[in-house]
Amino acid sequence: RMCARRAHSSEGQSIPWALPPGADGDGEQQPEMAQALAEAHEELQCIHEELASLNAENRYRVETLAEVSNDLQHLLESTGLAMLLVDRSLRLVRYTPLVTQIFRLRPSDAGRPLGDVKHGLRCENLTAVVQNVIQQLQERVLEVQTLDGRWMLLRVQPYRSALHGLEGALIVLLDITTRKEAERSLLEADRRDRKSTRLNSSHI
């Protein structure tokens, strides 16, 4: 506590030092400080509760998104289609397990350029086809053969999302070997029938 002191003038007279009003009222300041601290504590408590609520909400959203992503992945795998998703820079985003029968992929290949990935398709311009689909925003459908003699329906279409619009391209491969073999058998049967008809006509 500050005490009052006395000063001496040049004439030797003592002059009392005056304290500012309320300076000697520590008892009056303490309740005000206590109230201010209580209010600050209450505000911090409210902020803490809001942050805890936001954290819980964000955690719920992350868990929900993870579940949705997991469900979508299982859904894609259950379709029995070989699908490969690339971004606008032609870098791998995700793929279904069946794609690994055509493309030599590993889980660590996410982000790898499509042109660097080896595949078993007789389609040397695959990267150019995908790039053209992204630029022209038009789907391409091709019938291509694999190196081991199978036939695939290759469908490349622009991939869009509701939030970001065009994000890349989706490559879908469907094995059509059975269909191609049936078509070839029909063509051969038709050719034999025509040949037989010509032979019979020549003998008439």
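Modeller: This is a predicted model. The accessible surface of the protein chain comes to about 15,500 Å², and 53% of that surface belongs to carbon and sulfur atoms.

Biologist: How many of the 204 residues are buried, as a percentage?
Modeller: Buried residues make up 20% of the 204 residues in the protein chain.

Biologist: Which residues make the nonpolar surface patch?
Modeller: L44, I47, L51 and L54 make a nonpolar patch of about 400 Å². Of these, L51 is placed in helix 1, residues 26-78.

Biologist: Is L51 buried or exposed?
Modeller: L51 counts as exposed because its relative accessible area is 53%, and the cut-off for exposed is over 50%.

Biologist: Changing topic, how many helices and strands are there in the chain?
Modeller: The protein chain has 3 helices and 7 strands. Along the sequence, the pattern reads β-β-α-β-β-α-β-β-β-α.

Biologist: Which strands pair with strand 7?
Modeller: Strand 3 (residues 82-87) pairs with strand 7 (residues 165-175) in the antiparallel sense over 6 bridges. Strand 6 (residues 151-161) also pairs with strand 7 in the antiparallel sense, over 10 bridges.

Biologist: And which residues in strand 7 are the bridge partners of M83 and V156?
Modeller: M83 has V172 as its bridge partner, while V156 has I171.

Biologist: How many residues lie between strand 6 and strand 7 in their hairpin?
Modeller: There are 3 residues between strand 6 and strand 7 in that hairpin.

Biologist: Now for charges. How many salt bridges does a search of the whole structure find?
Modeller: The search finds 10 salt bridges. One of them joins E57 and R61, with the closest N and O atoms 2.8 Å apart. Both E57 and R61 lie in helix 1, 4 residues apart, which is about one turn of the helix.

Biologist: What is the relative accessibility of E57, and of R61?
Modeller: E57 is partly exposed at 35%, and R61 is partly exposed at 48%.

Biologist: What about E143, which residue does it form a salt bridge with?
Modeller: E143 forms a salt bridge with R179, where the closest N and O atoms are 2.4 Å apart. This pair links distant parts of the chain, with E143 in strand 5 (residues 140-145) and R179 in helix 3 (residues 177-202), 36 residues apart.

Biologist: Where does E183 come in, relative to R179?
Modeller: The side chains of R179 and E183 meet in a salt bridge at 3.3 Å, N to O. R179 and E183 are about one helical turn apart because they are separated by 4 residues in helix 3. E143, R179, K180 and E183 are linked in a network of salt bridges.

Terms used:
Residues are numbered from 1 along each chain as its sequence is written. This is a predicted model: local features need pLDDT of at least 70, side-chain atom pairs count only at pLDDT 80 or more; totals for chains, interfaces and linings use all residues. Side-chain values use heavy atoms; hydrogens and water are left out. Two strands pair if DSSP finds at least two bridges between them. Helices (H or I, at least four residues) and strands (E, at least two) are DSSP runs, numbered from the N terminus. Buried means under 20% relative accessible area, exposed over 50%, partly exposed in between (1.4 Å probe, protein chains only). Accessible areas come from the Shrake-Rupley method with a 1.4 Å probe; for residues, only the protein chains shown count as cover. Patches are made of residues with over 30% relative accessible area and no salt bridge: like charges are joined within 9 Å, nonpolar side chains (Val, Leu, Ile, Met, Phe, Trp, Tyr) within 5 Å. A salt bridge is a side-chain nitrogen of Lys or Arg within 4 Å of a carboxyl oxygen of Asp or Glu.
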